[in-house]
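Please keep the sequence and the structure in view while reading.

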Amino acid sequence: MANWLLKTEPDEFSLDDLEAKGPNGEPWNGIRNYQARNFLKQMQPGDRVLIYHSSCAVPGIVGEGEVIGQPYADPDALNPESKYFDPKSTADNTRWWVVDVRFKRRWPQTVSLKTLKQQTGLDSMALLRQGRLSVSPVTEKEWEVISSIA
DNA sequence: GCCAACGTTGGC
DNA sequence: GCCAACGTTGGC
């Protein structure tokens, strides 16, 4: 069992949108960065995820979700109609992967990036070390520290 | 809207 | 395989 952090732009797909999808969740798509993809491929059903809102007034963690299936090849990468179409992907080698995620809970308040940076015990957190990574691992210890201030 | 930090691409 | 040019992310 592992923990992860997923970034999303609330203007595109927010925690509210995820909640609205209900218990069947939603494919977490559009990951087009190899490092993020490699983390995504390691995800397992039952893994916990922190949902992070980026490119907004108060960037930070807004709630939790749950991985509900095995990662699978991203069908959008092969679909020319999709905005996530990748001309270099083939049926044999799709390059990109998705995983279904469902809403678990909204936190009483956003734990902002600013708060995370000020918190002790999070110095080595992937989110803070590498700002532009949209899928990153969260250790058990980091999860405890963060949920204790949620 | 700016720009720093990276990732990707492609010529050589 | 190097590296310059370019594109993207995302905080501010």
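β3 and β4 pair in the antiparallel sense, joined over six bridges; two strands count as paired if DSSP finds at least two bridges between them. Helices (H or I, at least four residues) and strands (E, at least two) are DSSP runs numbered from the N terminus. The model is predicted: local features need pLDDT of at least 70, side-chain atom pairs count only at pLDDT 80 or more, and totals for chains, interfaces and linings use all residues. Residues are numbered from 1 along each chain as its sequence is written, chains are lettered from A and ligands numbered from 1 in the order in which they are written, and side-chain values use heavy atoms, with hydrogens and water left out.

**The sheet**

- Six strands form an open sheet of mixed pairing, in the order β2-β7-β4-β3-β1-β8.
- β2 and β8 are the edge strands, each pairing on one side only.
- Tyr52 stands opposite Ile61 in β4.

**Helices across the sheet**

- α2 lies across β1 and β8 and runs at about 50° to β8; axes are lines fitted to C-alpha atoms, for helices over the stretch in contact, and angles run from 0 to 180 degrees between N-to-C directions.
- α5 lies across β1, β3, β4, β7 and β8, at about 55° to β3.

- In α5 (residues 140-148), Glu142, Trp143, Val145 and Ile146 are buried, where buried means under 20% relative accessible area, exposed over 50% and partly exposed in between (1.4 Å probe, protein chains only).
- Seen down the axis, the buried residues of α5 fall within an arc of 165°, so they line one face of the helix; the arc is that of the directions from the helix axis to the C-beta atoms.
- Lys141, Glu144 and Ser148 are exposed on the other side of α5.
- The buried residues of α5 pack against β1, β3, β4, β7, α3 and β8, contact meaning heavy atoms within 4.5 Å.

**Aromatic rings**

- The structure holds three aromatic pairs; rings of Phe, Tyr and Trp (its six-membered ring) pair if their centres lie within 6.5 Å, and planes under 30 degrees apart count as stacked, over 60 as edge-to-face and the rest as tilted.
- One of these pairs, Phe13 with Trp28, is edge-to-face, at 6.1 Å centre to centre and 85° between the planes.
- Phe13 is buried, with a relative accessible area of 18%, and Trp28 is buried at 5%.
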